[in-house]
Amino acid sequence: MQARARALPNITYRYRGVMHDVGSTVTAPPRPSRAALTRTFGAAQAHLRTLSTVRSADVERFGSTALQLGLVLTVIHVFQVEQSFGLTRILPLVFAGFLVNAVLPLAWRRTFLVLLSLGAAWLLFGVEYGTGLIGLGLGLLAVCHLPIRFGARVALLLLAGAVLAGVRAEWIPIPFGRMPRLPTLVLPILGSMFMFRLVVYMYDLRHEKKPATMAERIGYFFMLPNFCFPLFPVVDYSTYRRTYYDRPALDIYEKGVQWIFRGVAHLLLYRIVYLYLVPAPADVQSLGGVVQAMLTTYLLYLRISGQFHLIVGILCLFGHNLPETHRLYFLASSFNDYWRRINIYWKDFMMKLFYYPSLMRARALGVIPAMVIATVVVFAGTWLLHSYQWFWMRGSFPLRATDALFWGILGGLVVINSVREARRGRARTLTRPEVTVRSALSLSARTVGMFVAITVLWSLWSSSTVEEWVTLVAAAGNSGPAAFALLAVALAALIAIGAALQLAGERLRRPAPEGPRPPRWSPVLASAAAAALILVGLPQTRAWLAPPAAGLVASLQDDGLSARDEEMMDRGYYEGLLDADRYTNALATVQALAERPDDWGGAGRVSQVTVPRNDLLDYENRPLYSDVVKLAELNINEFGMRDRAYTLQKPPGVVRIAFLGSSYEAGAGVRDDETYENVVEDRLNRELGEAGVGYEILNFSAAGYTVLHGFLIAEQRAWNFEPDAVLFALHTNEAGGRLLSHLRVIVQRQVANPYPELRELIASTGATADMSEREIERRLQPILPDVARWSLSELAERCRSRGIPCIATFVPTTAQAGGAPADRVAEVMQMAEAAGFTTWTLDGAYGSYSQDQVQLGEWDAHPNVLGHRLLAAGLFDLLVKNPQAWQPQRTDDAAMTAAAQ
Amino acid sequence: MEAMNATVKDYILTEFLPGERPDALDESTPLITGGILDSIATVRLVVFLEEQFGVRFQPHEMSPDHLDSIRAITDTVRAKRAEHA
């Protein structure tokens, strides 16, 4: 059977110095036959002969590209770039695939890429889920090609989409109970592949004149990087087909490597912004704070642009010469310009599917009215489709006022700008226009103005409610005119700098020299930067850096949460990140949560473990509660301790320690006898106990407890048990978000406060119950250190009055497994010392173990059994080495001395 | 063919590239992907083509496949005229 030769016009490519005609090598549709196989074999032989004629200059160029790719992929590996999405796991596939693809005959490359991509699915999702993902995708693709009417196929696709949406929202149970993680693990990725591309595909299929090969069709949906990224650029089908090796192969490969470099740069910058620059809402107290909050919120978009650069860069490595997804969007000079620069693929998708069809329908009204209608349709559609996109990732369909406002305002401004452009025209040139002082200042002023406008709009979009955004903006009112004047001066300086840079660029511009192409320095500089990053990222060389620099590099190598989000996770609110509508963190949690066992359950105030109280304590452990939480049996004794049964009255000969702390100490996710408190108690009794002498550590900790809780629970519970010592476990965030939430609840509930000093502290902030949550927290934020100090001082004072020692022990979080920040440890220890505590530290207790090894899972950072054992070993050592600190009556005990040795 | 090319080129130079040297715009200069034709300009061009050459464009034809260069534009118009001939 003869395969039909399909000549693609005007498409030639140069591979290793030899020009190839794509049309002469691609046949469609492929039909396996002896003749076809013979031709394929012959083509392969011819290809091998071609390879032997490759110019050495091209070999060098390819080698240089491969070397740069190897370097940038190593940077991704060393810095764990997008590790949470699995990118680091497919790096070997990308690199090896690139090398193999480059030497394969063109006709085989699409099929090779499809096989490589399917391999990535199995690698990342395992055989069962990977096969499920591929099967569902192929099923949807098959529906597109059923031999029935086009309308019927669309109807079937809608039906299939509705069923999958039902499964994603968990309204429809998974058939046969197989693959329980299908909704959270597979469907977000399947959604990212098909939710928009299927629409474009069907649209183009209807008008398709040149039939595509099977590999082309499958490859369009199953793109190699897509298995790592739930948020994926909406690649246009006709562009995907049109741009395949439409330029010399080496040019495309070099572009791909360059974009991967750019993507990595964006993502590392994002990490700096996310980890170090984003302020907590309650820290925003002035104009400076407002500017910082708005600016950093906008800058967080670097993660999306970074991901998109990486994605398209990887596709370029396999010949897909796709256009850029973002074009210097921070430098947009008008609203239309902004719309054209940011997420260009989305803009093209909306133009194709919504703008032009709407405009053509309405053009009888005149070009400008039709354009206005089409633009309104585009922005209304963008608003709804963003929620649709979130549905596949999160399983819910948010329709928020801030979304509507953002898209409504942006759409309105684009309409106004468009009408203006349609009436007055827009300056377009084929050559670069001359830069004058006036034009440079004008462009710079427009660019700075647009940046400010978009930053403000973006902060509105990122706020959960309009009220939250208004509270944020209102904080600027706390600043005087001088701060506003300073901001105006800073903006004017920015305009001047922008203009100066344009003029300097104009002077440096020289016509391209005649003759051979001069060497380009950007690949050399990028490679040098990559090599330097690899060097500083290696543990061996990092040790040579100054501690602050080493700390910065180490934090950038962790694809984890910021200290603030880590704290939220410790509080058992990790799930809440998904509801925080923060574009990037929500994404990062999708896969981590997907890994979480379905019967994981939760701990803390939101679960059944605790009961609310109508006093300052707010909540406590539910007495005699018994359940399996986070897969571990959890029992609360009759006195509300996550601990063994004890008597109220201290037995004779027993040394009792009242132990105060939070979820780490309560042992979230480990069994009762595995909490580090119980491990220490058992060991004390086993190794130091003797006839008539025993040890009891009474655990008054509860999930989410703060230093204030510690003082209050001691007041209300601990003293009744006649402890001989108090041991308070402190973390680096004691004057942080948990305490802030606790104080806010106290204000909101207006509970009786019997402590005059605490009452005055809270009253001094002016926070009242009728204020918004954010406003209350904003006002309370400054007194957090005072409240923490007061709580510790009061507790120490109570201990002194009872004649018992009190010890504060710093306990590192699992995220601090490599070492806690010295300044933050010192801060909390100094606070405890000043209050009158003896201070100990367990920093370094996790030894050489990494966070992954000592935490419950990617989705929960509480210590696992190993983590508790390590903490227990550290605490036991401290107890036996410092008996005088907690056990004055046994300082001369021989057993103690022996154990200390 | 030449006349159609010249007509389209004149229109683009006059409407969207005033003051530009005519020789800077050739038959293969990328118009949409090169940023010369944005959505507004594309619509105006299509309205012009429809009126000038008596053809009718469909929404899916307002794409780089059909309008990215003077050559692509004239190919599309010729194909449309041939269809209706």
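Predicted model: local features only at pLDDT ≥ 70, side-chain atom pairs only at ≥ 80, totals over all residues.
Glu208(A) forms a salt bridge with Arg241(A), and here the closest N and O atoms are 3.2 Å apart. It's another link between distant parts of the chain: Glu208(A) is in the loop between H8 and helix H9 (214-221) of chain A, and Arg241(A) is in helix H10 of chain A, 33 residues apart. Arg241(A) is buried, with a relative accessible area of 17%, whereas Glu208(A), at 23%, is partly exposed; the line between the two classes is drawn at 20%.

Further along chain A, Asp618(A) pairs with Arg749(A) in a salt bridge whose closest N and O atoms are 2.3 Å apart. This one spans 131 residues, from the loop between strands E3 (610-612) and E4 (619-621) of chain A to helix H30 (residues 737-749) of chain A. Asp618(A) is buried at 4% relative accessibility, but Arg749(A) is partly exposed at 42%. Back with Glu208(A) and Arg241(A), salt bridges that share partners join these two with Arg110(A), Glu216(A) and Arg217(A) into one network. Over all chains, the whole structure has 43 salt bridges.

Now for a helix, H13 of chain A (residues 302-316). All 15 of its 15 residues are buried, so the helix is largely enclosed by the rest of the structure.

Finally, turn to where the chains meet. The contact draws on 23 residues from chain A and 28 from chain B, and the buried area is about 2200 Å², with carbon and sulfur atoms giving 59% of it. Tyr356(A), Arg428(A) and Leu430(A) supply 34% of the area that chain A buries against chain B, more than any other three residues. Three salt bridges run between chain A and chain B. Among them is Arg340(A) with Asp38(B), where the closest N and O atoms are 3.3 Å apart. Several helices give two or more residues to chain A's side, including H8, H10 and H14 (335-341), but H15(A) has the largest share, with six residues. By class, that side has eleven nonpolar, six polar and six charged residues.

Methods. Residues numbered from 1 in each chain as written. Chains lettered and ligands numbered in written order. Heavy atoms only, no water. Contact = heavy atoms within 4.5 Å. Buried area = accessible area lost by both parts, 1.4 Å probe. Salt bridge = Lys/Arg side-chain N within 4 Å of Asp/Glu carboxyl O. Helix = DSSP H or I, 4+ residues; strand = E, 2+ residues; numbered from the N terminus. Nonpolar A, V, L, I, M, F, W, Y, C, P; charged D, E, K, R; others polar. Buried < 20%, exposed > 50% of the residue type's maximum accessible area, 1.4 Å probe, protein only.
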